[in-house]
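Please look over the notes below with the model open. They take up cavities, then aromatic rings.

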Amino acid sequence: MNHEFYMARALQLAERGRWSTSPNPRVGCVIVSEQGEIVGEGWHQKAGEPHAEVHALRMAGDLARGATAYVTLEPCSHHGRTPPCAEGLINAGVTRVVGACSDLNPLVAGRGYQLLRDAGIDVMTPCLEAQAQELNRGFMQRMRTGMPRVRLKLAHSLDGRTAMACGESQWITGPQARADVQRLRAQSCAIITGAGSVQTDNPSMTVRPAETGITLEERLWRQPLRVVIDGQQRLSGDEKLFSLPGPVLLAVSDARRNRVQRDAALGEFSVWQGPLNPAGKLNLTALLAELGRRGCNDVLVETGAHLAGAFVKAGLVDELVLYCAPTLLGSDARPLLTLGLQQMNEQIRWHWHDVRMVGGDLRMMLRR
């Protein structure tokens, strides 16, 4: 059999869960008969609901007996909100399982494959491992380190400016780039901003589904957690984001001084009191660790130059997402990042990951 062909199809299915599976990973499964015919397909659609293998086995029915299952992530071996998928494959009578990569979740971590082998099932792995890991980059990082993957999104002019000196910034980029940002938000577990950005822009920080282009089948079923860093207790609670439905986490250094209140009918609202770093600012590493504990795989940072620079300088940004508009704002406009570097040996070098046009703007993705 052409294992890569069938695994590529399983990865296409897993991709459909990009918007809806967190905190779980995105997983696809394909069941192939001995004659090479696809008899079952499935993908994990939402946390707490059946996993990809369950959907594929239901579609295959009795045809799963003697078949090969292609799974983009090691089948789970533990009882959670759903039964173990490894047991489901065993009970269905498949004779071979081809896995893309191992699950780093300590509750699985090799046990799924071993359960299959102990049942006499032929296990082949890895297959298209790099592609499978890329699909779940944030989940894998959280399982490995306890910290989510952090993307920093910035929109800027050709001369590296993000807003006029007065703070005016709408709009530097075009509608296609802004829609692309909506898709970035939709696949993120949390969006982080600072109190200064909230006071300047009064953003909603929500995903606007109509602008994402996500199909009904892949529809967005939850808003990301909106995280506002307000170490100096500047916000009053009258800001727009506090009057909108969806979860909000206010990160402060002294919860006793918090003035923000929120109607319980609008959804989850919590205050997290974090430690300070040596500079007397809220410790960003501790905040990300807290988000990891809350099950956040992917975090998007959308904020001003000072907080964005603090994330970069602390080495907490895994990926830069830069939208460059073909315009000039001038030397008096606000800079992209505030880093305070003085010497060439202090420069922070990145590596190109993806560069493409989005409408009339250039989108650049870079990694450390």
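1. A search of the whole structure finds 1 cavity of 30 Å³ or more. Here a cavity is a set of points on a 1 Å grid over the protein atoms alone, where a 1.4 Å probe fits but cannot get out. The model is predicted: local features need pLDDT of at least 70, side-chain atom pairs count only at pLDDT 80 or more, and totals for chains, interfaces and linings use all residues. Residues are numbered from 1 along each chain as its sequence is written, and side-chain values use heavy atoms, without hydrogens and water.

2. The largest cavity has a volume of about 50 Å³. Volume means the space filled by probe spheres set on the points. Its lining residues (an atom within 4 Å of a point) include R26, F139 and D298. The lining divides into 3 nonpolar, 5 polar and 2 charged residues. Asp, Glu, Lys and Arg count as charged; Ala, Val, Leu, Ile, Met, Phe, Trp, Tyr, Cys and Pro as nonpolar; the others, Gly among them, as polar.

3. Rings of Phe, Tyr and Trp (its six-membered ring) pair if their centres lie within 6.5 Å; planes under 30 degrees apart count as stacked, over 60 as edge-to-face and the rest as tilted. The count comes to 3 aromatic pairs. Y6 and Y70 form a tilted pair, 5.3 Å centre to centre, with 35° between the planes. F5, Y6 and Y70 form one aromatic cluster.

4. The charged end of R178 sits over the ring of W171, 4.3 Å from its centre. For R368 over the ring of W350, the distance is 5.2 Å. "Over" requires NZ of Lys or CZ of Arg within 6 Å of the ring centre and within 35 degrees of the ring normal.

Key:
On a 1 Å grid over the protein atoms alone, a cavity is a set of points where a 1.4 Å probe fits but cannot get out, and a pocket is an open set with protein on both sides within 12 Å along at least five of seven lines; lining residues have an atom within 4 Å of a point.
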